[in-house]
Amino acid sequence: MRFDIVTIFPEMVESGLAAGVVGRARQSGLLDIVVHNLRDFTTDRHRVVDDVPFGGGPGMVLKPEPLFAAAEAIAERRGPADAVLLMSPAGKPFTQADAKRLSYLEHLVVLCGRYEGIDERVREHVATEEISIGDYVLSGGEMPALVVVDAVSRLVPGVVGDAQSVEADSFTRGLLDHPHYTRPAEFRGHRVPDVLVSGHHGEIRKWRQREAVRRTAQRRPELLAGAGLDADEHAFVRELRDSVPACAQAKASAGEGCSPARIKGSE
Ligand code: SAM
């Protein structure tokens, strides 16, 4: 899969792509990622990429010319892009479903904003979608670009060695991941759940499945509706929900708050 990332801080993006599974996949040729310096697409002596906003106000805006030129040069040198992603806090919140959808494409271009943002004409005429990685504002699109490239790359076959690990990840099925433990089986008096050291693979699978449902019900109940729960899992959610009044009573008599009301209405 090919990525072209356009930024005024190529070294920042390169350093984020050098290590781990993405770094290895680049070396093996599974991922072909080119990071472009936006200044290389300017035509003036000072390689200026920004200008003051029309209408006044604080900050600077990334000019349209170098971004249009970058997109055109990439299309010419590396072939047409299947999608041009503009990183923006005003974009669609990025989800695992977006990562999956984008991982089926061959060639993605990612545009990183800076300062007050990018001239709107880039969003209108160059970008095919605008992506936000969350409801907060970063200083630039470089970290969002790394987030998107990493999340998409993990889903490209072969990038993560063990495909099963990707399948079990949070959100892949619509549930949060179950808890994980490693050796030692007992650490400072804290034991790992007995079932995990029992050697009963069927029981271990069942425990993990229930813990994923429990964790999702407790932390992100709104995800349960889209998780395609089977009959056993539905029954378990009902069990969890039925345990709420008991929990609430116990905590109230102990003078504590109780938040598992979140479990209510989770199916
Ligand atoms: N004035 C802009 C606003 O309020 O929406 C913020 C611009 S921000 C300081 C500069 C650049 O960082 C943006 O153009 C975008 O590329 C990137 N950026 C910041 N936060 C982001 C987020 N949550 N998701 C994606 N990109 C973000």
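## Salt bridges

A salt bridge here is a side-chain nitrogen of Lys or Arg within 4 Å of a carboxyl oxygen of Asp or Glu. The whole structure holds 19 salt bridges. This is a predicted model: local features need pLDDT of at least 70, side-chain atom pairs count only at pLDDT 80 or more, and totals for chains, interfaces and linings use all residues. Residues are numbered from 1 along each chain as its sequence is written, and side-chain values use heavy atoms, with hydrogens and water left out.

One of the bridges pairs Arg-78 with Asp-32, with 2.9 Å between the closest N and O atoms. Arg-78 sits in helix H3 (residues 64-78) and Asp-32 in strand S2 (residues 32-37), so this pair ties together parts that are 46 residues apart in sequence. Helices (H or I, at least four residues) and strands (E, at least two) are DSSP runs, numbered from the N terminus. Arg-78 is buried, at 18% relative accessibility. Asp-32 is partly exposed, at 32%. The cut-offs are under 20% relative accessible area for buried, over 50% for exposed, and partly exposed in between (1.4 Å probe, protein chains only).

## Further pairs and a network

Asp-40 bridges to Arg-47, and their closest N and O atoms are 3.2 Å apart. Asp-40 is partly exposed, with a relative accessible area of 48%. Arg-47 is partly exposed too, at 34% relative accessibility.

Lys-63 and Glu-65 also meet through their side chains, at 3.6 Å from N to O. Glu-65 is partly exposed, with a relative accessible area of 48%. Elsewhere, salt bridges with shared partners link Lys-92, Asp-98, Arg-101 and Glu-129 into one network.

## Helix H1 against helix H6

Two packed helices are described by the angle between their axes and the distance between the axes. For helix H1 (residues 10-17) and helix H6 (residues 142-153), the angle is about 30° and the axes are 10 Å apart. Axes are lines fitted to C-alpha atoms, for helices over the stretch in contact, and angles run from 0 to 180 degrees between N-to-C directions. H1 and H6 are therefore roughly parallel to each other. Angles under 35 degrees count as roughly parallel, over 145 as roughly antiparallel, 65 to 115 as roughly perpendicular and the rest as oblique.

From H1, the contact uses Met-12, Val-13, Gly-16 and Leu-17; from H6, it uses Glu-142, Met-143, Leu-146 and Val-149. Contact means heavy atoms within 4.5 Å. The residues of this contact divide into six nonpolar, one polar and one charged. In this grouping, Ala, Val, Leu, Ile, Met, Phe, Trp, Tyr, Cys and Pro are nonpolar, Asp, Glu, Lys and Arg are charged, and the others, Gly among them, are polar.

## Val-149

Val-149 belongs to helix H6. Val-149 is buried, at 0% relative accessibility. Not counting residues up to four places away in sequence, Val-149 touches Phe-3, Ile-5, Leu-17, Ile-33 and Val-110. Val-149 and Ile-5 are 144 residues apart in sequence, and their C-alpha atoms are 9.3 Å apart in space.

## Tyr-181

Tyr-181 lies in the loop between helix H7 (163-168) and strand S8 (186-187). Tyr-181 is partly exposed, at 47% relative accessibility. Beyond residues up to four places away in sequence, Tyr-181 touches Val-192, Pro-193, Leu-196 and Trp-207. Tyr-181 and Leu-62 are 119 residues apart in sequence and 47 Å apart in space, C-alpha to C-alpha.
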